[in-house]
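User: Hello! Could you walk me through this structure with a few questions and answers?

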Amino acid sequence: MIEKDFENVIELRKKRKMTQKDLSKVTGLNIRTISRFENGETISASSEKKIYIALGYDFLQDTDLYLEKVKRSFDKQASGYNEYTLLTDSMYLSRILNIGHPFKGKRVLDLGCGTGLLSLSLADKAEEIFALDISNGMINSLKSKIKKREIKNIKAIKGDIHNTHFPDNFFDTIVCVLSFHHFHEIKRVMQIVKKILKPFGELIVVDIYASTNEGENVLQNTCEKIRDFSHNKFFTLKELKDLLKEFDFGGFETERFEVKRNYKDWIKMANFEDNDKILYNLLKGLALNGISMGSDLKLENDTIEFIQNMVTIKAINFKNF
């Protein structure tokens, strides 16, 4: 919780001439929870969401506040992050290692490194690795692994790419795995990436991409935002490539693949509890009505399953001089 957060909520509640009791009725939360929140205490992410929705408060318009939400979300996720099968799958990591080969002699930035699974895999391949993440929990987890394994060429840094201070033309390769959809100011991030990446350096982006169908796109992003406070937007594959082209990246190497997901693992990764089964019932209702959401959504024996469309893109920095 940061001061600006609850102050805005109190101001909005009063502007709408609502008492804490009124807000309690609208949100279904007890008055004690609302009072704690307005006193600057931390409450559950799901409870915060209900308050924001009831008041029409869009914290995404506030960059500092949004980044604080991202940090808190990933601090919460850090303990179970290594269990996320998409990240631990050797075939998944090998895609990144193969498309970026060779790493020998290179200085690499692992942007949005999480607990450092990729950085650790690169330790015996690259000259030097800078692992950057906004979450204290993620970085502390990585630092513990680095110390235990006595690795010398990984520098774990707690920081935000929006406000980074790396020198110009510093990195040979920048790898960004499952982070593009979290960035609030993606063009600002791209400006920084271009600046700190060497001419003809490589940017490797791995992320989930959205459906080109507008309705499916909205559903995919809406469900993800319910599950994970830190989610901003899934891009379509065309949007991703157009974004890179806008900043003079080219020479694309692209590999698409699918990852099968089930509901329980998916919410566990974000430590989302869904106690009221709001998200579960939403997805169940869509599946029962044959709405696949562009993700092959289906219900079998009360188990919700779907796929996430993934892409690995390597692009060359054709830097302007």
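**A walk through the model**

User: Happy to start with a loop: between which two elements is S211 found?

Analyst: This is a predicted model, in which local features need pLDDT of at least 70, side-chain atom pairs count only at pLDDT 80 or more, and totals for chains, interfaces and linings use all residues. Residues are numbered from 1 along each chain as its sequence is written, and side-chain values use heavy atoms, with hydrogens and water left out. Helices (H or I, at least four residues) and strands (E, at least two) are DSSP runs numbered from the N terminus. On that basis, the loop holding S211 runs between β5 (197-208) and α11 (214-227).

User: Is S211 buried or exposed?

Analyst: Buried means under 20% relative accessible area, exposed over 50%, and partly exposed in between (1.4 Å probe, protein chains only). S211 has a relative accessible area of 14%, so this residue is buried.

User: Which residues does S211 touch, not counting those up to four places away in sequence?

Analyst: A contact here means heavy atoms within 4.5 Å. Leaving out residues up to four places away in sequence, S211 touches E216, N217, Q220 and T236.

User: How many Å from a polar atom of the S211 side chain does the backbone nitrogen of N213 lie?

Analyst: A polar contact is a pair of N or O atoms within 3.5 Å; within protein, one must be able to donate a hydrogen and the other to accept it, and residues adjacent in sequence count only if both atoms are side-chain atoms. For the backbone nitrogen of N213 and the side chain of S211, the distance is 3.0 Å.

User: Is K17 buried or exposed?

Analyst: K17 belongs to the loop between α1 (3-15) and α2 (20-27). Its phi is positive, near 55 degrees, in a residue other than glycine. With a relative accessibility of 75%, K17 counts as exposed.

User: What is the relative accessible area of D296?

Analyst: D296 lies in the loop between α14 (278-288) and β7 (298-300). Though not a glycine, D296 has a positive phi of about 55 degrees. D296 is partly exposed, as its relative accessible area is 43%.

User: What percentage of the residues in the protein chain is buried?

Analyst: The protein chain has 14 helices and 8 strands. Of its 321 residues, the buried share is 55%.
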